[in-house]
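This report describes a protein model with attention to its sheets, its domains and the contacts between its chains. The sequence and the structure are shown first.

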Amino acid sequence: MDVGLFAQYVMNGLMLGMMYALVAVGFTLFFGVLDIIKFSHGDVLTVGAFVALATFAGLHAAGFNSQWLDLVIMLAVATLAMAALGMLIARYLVMPLRSAPALNTLLITLMLGTVLREAVRLFYPQGANPKPFPALLPQNSIDLGSLNLRLDNVLMLAAGAAVIVGLQFLLNRTKLGLAIRAVAQDEETARTMGVNFTAIVLVTFAIGSGLAAFAGVMNGLYYNEINFGIGLYLGVIGFSAAIIGGLGSIYGAILGGFLFAGLQTVGTVLLPFASAYKDVFAFAVVIAIMAWRPTGLIQEKISERV
Amino acid sequence: MIRTSKATAIGLTAAILVFMAATADAKDKVKVGFIGPLTGGVSVNGIGGRNSADLAVKLRNADVKAKYEYELVVLDDECKPNVAVQVATKMAADKDIIAAATHYCSATAIATVDTYHKFGFPVIVWGAVLPDITYRNKYAEIHRVNGTMINQNDANAELVSKLGYKTVAVIHDTTDYGKGHNEYFSKALAKIGKAKIVGTFGVTAEQQDFTAELTQIKALNPEVIYFGGLTPIGVRIRSQMDKLGIKAVFDATSGIVSDAYIQGLGPLAEGTLAFREGAPTEKLPGGKFFLEKYNAQKYDGPPEAYGAFAYAAMDMILNTIEKVGPDRKKVIADLGNVKDRDSIVGKITFDDHGQNTVALITKYVIQDGKFVEWDESEYASGKRKLPGQK
């Protein structure tokens with residue numbers, strides 16, 4: 001395989017991995033603070049992407065034509081709207097079920113995901129059809145042999161990396177981050193230390209859902225097409241990535257996301273059989289990893305053992 | 001007090017009158033069915049078909065000469081084989097439903113043929129194009145008004161060869177539908193012998209990311225990318241081809257003949273090839289009549305590519321019930337003997353497998369955001385050129 005082709009595969013894999021990682025980080029955050037799996041996460045991403053698209057249509061109708069300004073406003077609206085949606089979900093669906101078995105939360109968020117997905121399909125104009133997503137980043141590209149290096153991909157990777165670094169900073173260097181980590185480690189102790197438990201849970205859900213909206217916009221910009229089903233698949237993969245990385249660990253989620261994208265690319269390129277089996281291959285490896293490290297590649301520092 | 005009793009009396013009289021009118025005019029109620037994908041990625045096509053079948057029933061019920069009053073039972077197969085078998089069983093097990101127009105997706109149509117056969121339930125397929133649906137078995141219950149994908153892939157391979165292309169890469173979804181397209185296209189291309197297939201890629205029907213497959217295709221550098229699958233992933237593949245700087249001709253099938261394909265891609269749709277059985281709706285013998293009536297109903301979406309076939313299938317069912325009565329066995333017997341029957345899609349003749357034999361294929365190219373017939377397009381006249389067209 002020549003170098004250019006290899007570089008192209010790496011680039012494709014990195015873009016996929018970045019999106020998976022952003023989704024996986026959400027799963028891991030929610031699990032960290034509340035020990036729950038929020039299955040509607042992928043569909044929040046879909047709604048985020050569609051909110052961004054609707055915002056773009058609105059801006060366009062109002063006569064805005066600056067690409068950068070459009071993009072910034074779209075991102076801001078989508079992220080804030082999904083942060084608000086995330087808080088609503090946490091406040092009215094997840095927190096009331098705190099004392100119920102964890103399965104109930106899983107089930108209720110799974111159903112909410114279907115509601116969100118079908119709502120996009122039914123209520124967004126012509127929502128059942130694939131929608132073109134505007135290309136708002138510079139379309140310049142350099143053709144280096146077999147590698148078509150696009151400026152927009154590089155920008156998106158950089159933005160994704162910046163968001164993840166920013167999140168790390170927030171969690172490890174700020175008071176809010178300290179509170180989130182405290183709640184994640186021990187709810188009771190955090191409460192006695194004066195941490196407002198409810199507020200921290202809501203903020204965490206807002207952050208996770210905002211990240212999903214960011215990933216949704218990135219998905220739209222990368223593929224220039226969104227549809228009501230994008231979140232379902234990304235949700236399943238993001239969840240798996242979070243699990244293999246080690247649920248509750250941010251680094252684990254990021255590692256899991258890139259690992260999964262790498263597996264899929266390898267599955268398509270190097271395996272002799274049809275690329276249709278790439279997911280079979282990727283998930284089979286995930287199963288093998290789970291058997292080898294049941295708590296994920298990067299384990300939570302403190303895990304409760306009975 | 002007096003006023004209320006007066007009002008009651010008037011109400012009562014009105015109710016009696018309505019009741020009398022209803023009984024005096026009452027026809028026997030007969031149920032007929034429709035199955036198609038009403039939710040999911042190809043639901044526009046399913047809803048277009050549902051509306052068209054509904055139109056056939058409405059027009060019949062408005063006809064004073066009709067012997068029965070028809071009620072349409074609609075079920076959703078979601079384009080998923082497992083769901084399709086459930087709804088097919090549900091419909092076939094209901095003895096009140098006499099016959100049905102069924103399935104847009106080949107994967108669901110092929111999954112349900114045994115069910116219909118087991119229950120002795122007559123169906124007319126209105127949109128699915130996999131040949132096996134009628135040809136794998138010889139079930140008296142199964143009929144189809146639209147053509148099969150064999151014919152369209154012959155026409156496709158012929159056009160690609162005629163345009164002088166030598167190398168083709170194939171992407172197909174791994175449902176029965178996509179696999180069928182791959183099989184018949186590959187056969188047809190090999191038979192002509194001018195172009196060769198440099199690589200074949202099976203992809204899942206819900207896949208989002210095709211960059212890995214397309215990067216491999218880019219290395220193979222084909223002149224044409226043939227795509228056997230439906231609109232949602234067709235849009236994604238075409239758009240991601242552009243992202244990777246692949247300049248090949250995008251050569252697709254009847255699966256993308258839908259306005260959703262053009263809306264999903266915008267200017268990128270330009271120059272996509274597609275093929276379909278039958279003529280464009282407005283050019284069908286009864287196309288004008290159909291579109292007029294359809295538009296008058298103000299449905300929530302267009303009839304889409306196969307709406308006219310759904311109408312023709314339902315209309316044929318209603319004609320048969322009018323003729324032989326609401327009895328499944330008699331309906332099957334009558335449908336076993338269909339020759340040169342007039343319909344809005346032209347004359348219909350079923351062969352011994354229940355397949356309509358009138359094979360008319362229309363070649364399309366997308367030009368300025370519209371499906372234009374190839375022979376009338378500026379690409380055929382040489383005014384515009386597809387990538388690599390000589």
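**Basis of the model**

The model is predicted: local features need pLDDT of at least 70, side-chain atom pairs count only at pLDDT 80 or more, and totals for chains, interfaces and linings use all residues. Residues are numbered from 1 along each chain as its sequence is written, while chains are lettered from A and ligands numbered from 1 in the order in which they are written.

**Chain A**

Chain A holds eleven helices and four strands; helices (H or I, at least four residues) and strands (E, at least two) are DSSP runs, numbered from the N terminus. The radius of gyration of chain A is 20 Å, close to the 19 Å that the globule rule gives for 306 residues, so chain A is as compact as a globular protein of that length. This radius is taken over C-alpha atoms, and the globule rule is 2.2 Å times the number of residues to the power 0.38. Along the principal axes, the C-alpha atoms of chain A fill a box of roughly 60 × 50 × 35 Å.

Of the 306 residues of chain A, 50% count as buried. A residue is buried if 20 or more other C-beta atoms lie within 10 Å of its own, exposed if 12 or fewer, and partly exposed in between, with C-beta atoms placed from the backbone. Among contacts in chain A with a separation of 6 or more, 76% come from residues 24 or more positions apart; two residues are in contact if their C-beta atoms, placed from the backbone, lie within 7 Å.

A:Ile243 belongs to helix H9 (residues 230–245) of chain A. With 24 other C-beta atoms within 10 Å, A:Ile243 is buried.

**The parallel sheet of chain B**

In chain B, five strands form an open sheet with parallel pairing, in the order S2-S1-S3-S4-S5. Two strands pair if DSSP finds at least two bridges between them. Strand S2 (68–76) and strand S5 (142–144) of chain B stand at the edges, each with a single partner strand, so one side of each is left without a neighbour in the sheet. Neighbouring strands of this sheet are turned by 25° against each other on average, direction ignored.

Strand S1 (residues 28–36) of chain B runs parallel to S2(B) and is joined to it by nine bridges. One of the residues involved is B:Asp28, whose bridge partner in S2(B) is B:Tyr68.

Axes are lines fitted to C-alpha atoms, for helices over the stretch in contact, and angles run from 0 to 180 degrees between N-to-C directions.

| Helix of chain B | Residues | Strands of chain B | Angle to S2(B) |
|---|---|---|---|
| H2 | 43–62 | lies across S1, S2 and S3 (97–102) | about 170° |
| H3 | 81–93 | touches S1, S2 and S3 | about 160° |

**Domains of chain B**

Chain B is divided into domain 1 (26–147 + 281–358) and domain 2 (150–277 + 363–381), with bounds from an automatic or database domain assignment. The C-alpha centres of domain 1 of chain B and domain 2 of chain B lie 29 Å apart. Sixteen residues of domain 1 of chain B are in contact with 16 residues of domain 2 of chain B. On the domain 1 side of this contact in chain B, H2 and helix H4 (106–119) each supply at least two residues, and H4(B) gives the most, with three residues.

Five of the five residues of strand S10 (residues 273–277) of chain B are buried. Both faces of S10(B) are covered, with B:Leu273, B:Phe275 and B:Glu277 on one side and B:Ala274 and B:Arg276 on the other. S10(B) pairs in the antiparallel sense with strand S11 (residues 361–367) of chain B over five bridges. In S11(B), B:Lys363 is the bridge partner of B:Phe275.

B:Ile246 lies in the loop between helix H9 (231–243) and strand S9 (249–251) of chain B. With 21 C-beta neighbours inside 10 Å, B:Ile246 counts as buried. Leaving aside residues up to four places away in sequence, B:Ile246 touches B:Leu214, B:Ile217, B:Lys218 and B:Met241.

**Contact between the chains**

In the interface, 31 residues of chain B are in contact with 30 residues of chain A. The elements of chain B that give two or more residues to this side are H2, strand S7 (196–203), helix H8 (211–220), H9 and helix H10 (259–265). H8(B) gives the most to the side of chain B that touches chain A, with seven residues. By class, that side of chain B has ten nonpolar, 15 polar and six charged residues. Here Ala, Val, Leu, Ile, Met, Phe, Trp, Tyr, Cys and Pro count as nonpolar, Asp, Glu, Lys and Arg as charged, and the others, Gly among them, as polar.
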